[in-house]
Amino acid sequence: MTAILNAPEFVLPDLAAIVQEAETVDVGAVLEAETGQHLPWTPSAIALALFRDESLTTKELVARAEARCARREPQLKTFVPLYTTNHCDSECKMCSMRGKNTRLDRQFASRSQILEQLEILRHEEGVRGIGLLTGEYDSAYTRLATAFRVGWIAREALDRGFEDIYVNIGSMTPEEIEVFADWVPDRKDAVTLCVFQESYDRETYRRFMGDTSENVPKANFDRRITSFDRWLDAGFPRTNPGVLMGLHTSVEEELVYLTSHVGHLRDRGSVVDISIPRMRPARTTRNTTRVGDEDYVRLTAVLSHTFPENRLVLTNREPKEIRDQVIGMSGIISPGSPDVAPYARDGSVKNSEGSSQFIVAELARPRDILADVEASGRRIANFGPTIPVRSGEEAAV
């Protein structure tokens, strides 16, 4: 699928109009429709109607969503997050990496540390998907330098046999995308941009991310929400929008806006993965999961039923008991740690409150979590428990 270039940028839909449309949705017809069958309602209206329908139990909705998602090939993929630094200029109140958090132990992974992390993940954890994460920065020079550095890491990962690269470094300008793209001109189809809006509600966004974007880069709502359009215009086809569930009080509103954004990106020809992480504890924050388990499982079922061709990203922010309930609908399992260069050759994984963005619910080495998933009978396409070093490759850094 080829992305449509220079299409109109995404704009938030009329919420009231979609709420009204959702009241006209025939849920029975939606449930019986074949995947890809045209229906006379927008995806946002369908998703809202499914979420609201009290006659449809979550258990039934999960079963129907799993049946639709079972047709995906491959059934599951994986990528493991690699935080290259925890320095950040933004001031997101829910995040321990925020710039003014003086209690965080700031770290920056060196070249040798990065290369060692790639070797550990590729050859000892057995994964061929990686997510590269940094903070977001104010200075134009630092932003360009970050794009350059992450581009270099992406190139190193691809050259070492990684197949999927996820990039989560904040909203990017065309110039920053160009700097990054110089490293991967032949592999644009292997790179996914992750830019979670966190909340599509402007007031909630302002309250958590800041009142003004002056010296606080993530506070720029409009630059962030149009990031994917610039990415697609540059010829990269893969995107990963997301919402931090529980940040905004209305799950339904976030569902409407997220599905509208996904629909926009799909219409532009993008291959879209979807993320709906819940808040987790972080240093000097009072994060609590304000979206209960029942609503979270139902939300996952609604999204996977509405977009069965698109993969939901499930991370070990969630405990195993929730993972077991939603793994059949997810499409991507991403275990790891939000600490800087956290993986070790002895298999240990660092997730220190003093240096991590947040604390995960299930801390274990990635290959152990992935092996546990495969033990349930589910195959993960880009995972194999330890991969021998090929002739000519470095065995160690």
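Start by selecting Thr306, which sits in helix α12 (residues 293–306); helices here are DSSP runs of H or I with at least four residues, numbered from the N terminus. You are looking at a predicted model, where local features need pLDDT of at least 70, side-chain atom pairs count only at pLDDT 80 or more, and totals for chains, interfaces and linings use all residues. Residues are numbered from 1 along each chain as its sequence is written, and side-chain values use heavy atoms, leaving out hydrogens and water.

Thr306 is buried, at a relative accessible area of 15% (buried means under 20%, exposed over 50%, with a 1.4 Å probe and protein chains only).

Next, show Pro43, Ile46, Ala47 and Leu50, which Thr306 touches, not counting residues up to four places away in sequence; contact means heavy atoms within 4.5 Å.

Zoom out to α3 and α12. They pack at an angle of about 145 degrees, with axes 9 Å apart; the axes are lines fitted to C-alpha atoms over the stretch in contact, and angles run from 0 to 180 degrees between N-to-C directions. Phe51 of α3 and Arg298 of α12 are among the residues making this contact.

Finally, move to α1 (residues 15–22) and select Ile18, Glu21 and Ala22, which are buried. Seen down the axis of α1, the buried residues fall within an arc of 100 degrees, so they line one face of the helix; the arc is that of the directions from the helix axis to the C-beta atoms. They pack against α3 (43–52) and α11 (251–267). On the other side of α1, you will find Ala16 and Gln20 exposed.

Note on methods: Helices (H or I, at least four residues) and strands (E, at least two) are DSSP runs, numbered from the N terminus.
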